[in-house]
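Open the structure in your viewer and show it as a cartoon. This tour goes from strand to strand.

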Amino acid sequence: MCGIVGIVGREQVNQALYDALIVLQHRGQDAAGIMTIEDSMFHLRKANGLVRDVFHTRHMKRLKGNVGIGHCRYPTAGSSSSAEAQPFYVNSPFGIAFAHNGNLTNAHELQDEVFRIARRHINTTSDSELLLNIFAHALSQTSNLDVTPDDIFKAVETAHSKIKGAYAVVAAIIGYGMVAFRDPNGIRPLVLGKRSTVHGDEYMVASESVALDAVGFTFVRDVAPGEGIYVSEQGELFTKQCSPIFKFSPCIFEFVYFARPDSFIDGISVYASRVNMGRKLGEKIKREWSDLDIDVVIPIPETSMDVALQIANTLEKPYRQGFVKNRYIGRTFIMPGQTQRRKSVRRKLNAISSEFKGKNVLLVDDSIVRGTTSEQIIEMARESGANKVYFASAAPEIRFPNVYGIDMPSATELIAYGREIEQICECIKADGLIFQDIQDLVDAVKEENPEIANYETSVFDGIYVTGDVDQDYLESIDKARGEAAKGSPTVQAELSNLEMHNMGN
């Protein structure tokens with residue numbers, strides 16, 4: 001999962017891009033980059049690290065221009081090579097800078113096609129660079145030296161026809177402006193904003209609406225699934241539906257975990273959806289755990305706090321903050337490598353002993369993925385004097401791999417894989433464990449926008465909306481990941497081809 005942003009302004013856009021990336025930092029903490037255009041020249045700064053550490057005053061001064069794009073990266077498959085930092089760019093045609101959030105599921109076939117047909121070399125294992133070259137090759141097929149909006153949209157149509165998977169894209173083309181598009185299923189989010197100035201209109205696209213708020217742009221609408229957006233250097237906006245088949249199937253994990261609560265995605269308040277999740281889960285707990293002597297409801301910061309408060313209200317139990325979070329350490333879920341995740345939990349959280357001592361506590365988290373964090377937090381609660389520790393998850397059991405940009409492609413890494421709830425409970429050493437029902441989760445989000453009928457819920461039900469993911473595909477990824485962990489360069493290369501390391505993601 002990554003954050004992307006693009007702006008066509010009337011003045012320098014470097015500061016606005018930086019400010020937008022700061023509020024999108026939760027979407028990726030491994031690397032960051034900004035590329036701007038001035039006088040038909042690209043200016044680029046990208047490196048591993050947090051946004052605040054990548055960009056210093058000397059870098060910002062060089063990032064001149066009124067057109068630019070930015071990216072903050074979340075690494076998957078345990079990789080964090082600086083060579084994969086975005087934006088990427090190609091010199092032909094015209095000069096295109098490119099940033100991407102998502103993951104392509106047919107990257108292996110596309111890489112071969114790009115080499116054989118387009119005669120283009122892919123220099124990294126990133127599917128973002130692959131996507132860039134597919135778009136660039138399609139744009140180079142135009143017979144016009146002066147590219148029109150129709151030429152750009154035709155290139156987007158070609159990309160849609162070849163690419164499968166999840167992707168939200170922003171690009172900057174020298175001499176033309178900014179292009180953005182979203183996959184035909186609308187799995188990954190993308191919003192459009194506008195700001196009017198005395199010099200004319202400015203436009204912005206970003207992964208979440210909170211980025212628009214941060215730099216003073218007004219939310220216009222979500223980019224539709226399959227839609228292309230083109231904003232010329234002069235500030236003219238052009239839009240077109242670029243896929244003959246399209247539907248809304250947004251990733252429900254955006255609402256469970258990834259997105260900020262103050263964002264709106266596809267007309268849905270992330271905060272309100274989490275409140276709904278808490279109400280529905282509270283009602284389930286009330287039905288099925290009426291005999292439990294819960295003394296207090298405690299959230300695991302921070303995503304689950306809104307859920308836990310609503311559970312407490314529903315159960316008519318006290319709500320307490322039992323953990324203090326160190327805000328200067330990354331999110332454990334998106335840290336590369338299981339060992340690092342395990343070590344980071346106690347650096348990330350500290351328990352307030354008085355809130356646990358002698359009490360039967362209900363801990364609430366947004367989800368349970370590998371179970372490592374849950375087990376250690378339960379252990380911390382017991383060490384702080386808790387009598388009994390129950391655990392509730394705002395999401396259902398995660399039993400299936402994700403192939404759309406979230407770092408859990410291997411089923412064997414998931415604690416719920418091949419286990420019943422009682423077994424999961426035993427693994428994390430809880431006195432009781434309850435999960436949200438999948439229909440309740442979908443309904444909790446759907447309440448905020450009934451017009452969206454479908455959601456991408458593959459990690460819970462194994463149904464992949466792109467229709468091209470089968471058991472052979474999943475097993476090939478799982479096998480390659482397992483063997484790559486042993487250090488085989490050949491297998492690691494094959495893994496890169498299969499997953500492309502989700503680096504745009």
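Strands are DSSP runs of E, at least two residues long, numbered from the N terminus. Two strands pair if DSSP finds at least two bridges between them. This is a predicted model, where local features need pLDDT of at least 70, side-chain atom pairs count only at pLDDT 80 or more, and totals for chains, interfaces and linings use all residues. Residues are numbered from 1 along each chain as its sequence is written, and side-chain values use heavy atoms, with hydrogens and water left out.

**First stop: β4 and its partners**

Select residues 3–8, strand β1. β1 runs antiparallel to β4, joined by 6 bridges. Pick V8: its bridge partner in β4 is V67.

Now select residues 31–38, strand β2. β2 also pairs with β4 in the antiparallel sense, over 7 bridges. Here M35 has I69 of β4 as its bridge partner.

Next, select β4 itself, residues 67–73.

**Second stop: an open sheet**

Go to the open sheet of 6 strands, with antiparallel pairing. Follow the order β5-β6-β7-β8-β12-β13. Select 88–90 (β5) and 237–241 (β13): these edge strands have a single partner each, so one side of each is left without a neighbour in the sheet.

Finish at β12, residues 227–232, which is antiparallel to β13 and joined to that strand by 5 bridges. Pick I229; opposite, in β13, stands T239.

Definitions and conventions
Helix = DSSP H or I, 4+ residues; strand = E, 2+ residues; numbered from the N terminus. Buried < 20%, exposed > 50% of the residue type's maximum accessible area, 1.4 Å probe, protein only.
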